[in-house]
Amino acid sequence: MLKIFLFSMLIIAISIVFISIRVYAGKDGRMRSFHIHDSDEMKKRGIGCVIDQDRAARKQGRRKQDGHKTKQETETKL
């Protein structure tokens with residue numbers, strides 16, 4: 001049991017060392033982002049993050065895009 005615990009702690013320690021090296025060797029001491037909206041290749045292809053697309057749709061008025069009438073539009077026609 002003790003051997004397994006020590007082996008696990010060794011693996012964790014080695015992982016922390018590798019992550020530290022990556023942070024220090026990276027630009028401005030930061031790790032690279034793996035999000036879709038931060039990828040230059042995805043930007044070239046016009047592919048965006050779902051969260052950003054949802055935010056844009058909400059700003060434009062999602063109900064109007066889908067063809068649904070808002071409550072105010074329904075009341076004005078009566």
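**Reading helices, salt bridges and surface in a predicted model**

Modeller: Within helix α3 (residues 50-60), R58 and D54 are both found, 4 residues apart, about one turn of the helix. Helices (H or I, at least four residues) and strands (E, at least two) are DSSP runs, numbered from the N terminus. This is a predicted model in which local features need pLDDT of at least 70 and side-chain atom pairs count only at pLDDT 80 or more, whereas totals for chains, interfaces and linings use all residues. Residues are numbered from 1 along each chain as its sequence is written, and side-chain values use heavy atoms, with hydrogens and water left out.

Biologist: What do R58 and D54 form, and how far apart are the closest N and O atoms?

Modeller: A salt bridge is a side-chain nitrogen of Lys or Arg within 4 Å of a carboxyl oxygen of Asp or Glu. R58 forms one with D54, and the closest N and O atoms are 3.0 Å apart.

Biologist: Why does R58 count as exposed?

Modeller: Buried means under 20% relative accessible area, exposed over 50%, and partly exposed in between (1.4 Å probe, protein chains only). R58 counts as exposed because its relative accessibility is 56%. D54 has 28%, so D54 counts as partly exposed.

Biologist: How many salt bridges does the structure hold?

Modeller: The structure holds 2. R45 also forms a salt bridge with E41, with 3.6 Å between the closest N and O atoms. Both residues belong to helix α2 (residues 40-45), where they stand 4 residues apart, about one turn of the helix. R45 is exposed because its relative accessibility is 58%, while E41, at 41%, is partly exposed.

Biologist: Which residues make the nonpolar surface patch?

Modeller: Patches are made of residues with over 30% relative accessible area and no salt bridge; like charges are joined within 9 Å, and nonpolar side chains (Val, Leu, Ile, Met, Phe, Trp, Tyr) within 5 Å. Here F7, L10, I11, I14, V17, F18 and I21 make a patch of about 690 Å². I14 is located in helix α1 (residues 2-25), and its 40% relative accessibility is why I14 counts as partly exposed.

Biologist: How many helices and strands does the protein have?

Modeller: There are 5 helices and 0 strands. Of the 78 residues, 3% count as buried.

Biologist: Where is confidence lowest, and where is it highest?

Modeller: pLDDT is the predictor's confidence in each residue, from 0 to 100. The lowest confidence is in helix α4 (residues 62-65), with a mean of 54, and the highest is in α1, at 91. The protein averages 77, and 69% of the residues score at least 70. Where pLDDT is low, the predicted coordinates should not be read in detail.

Technical notes
Accessible areas come from the Shrake-Rupley method with a 1.4 Å probe; for residues, only the protein chains shown count as cover.
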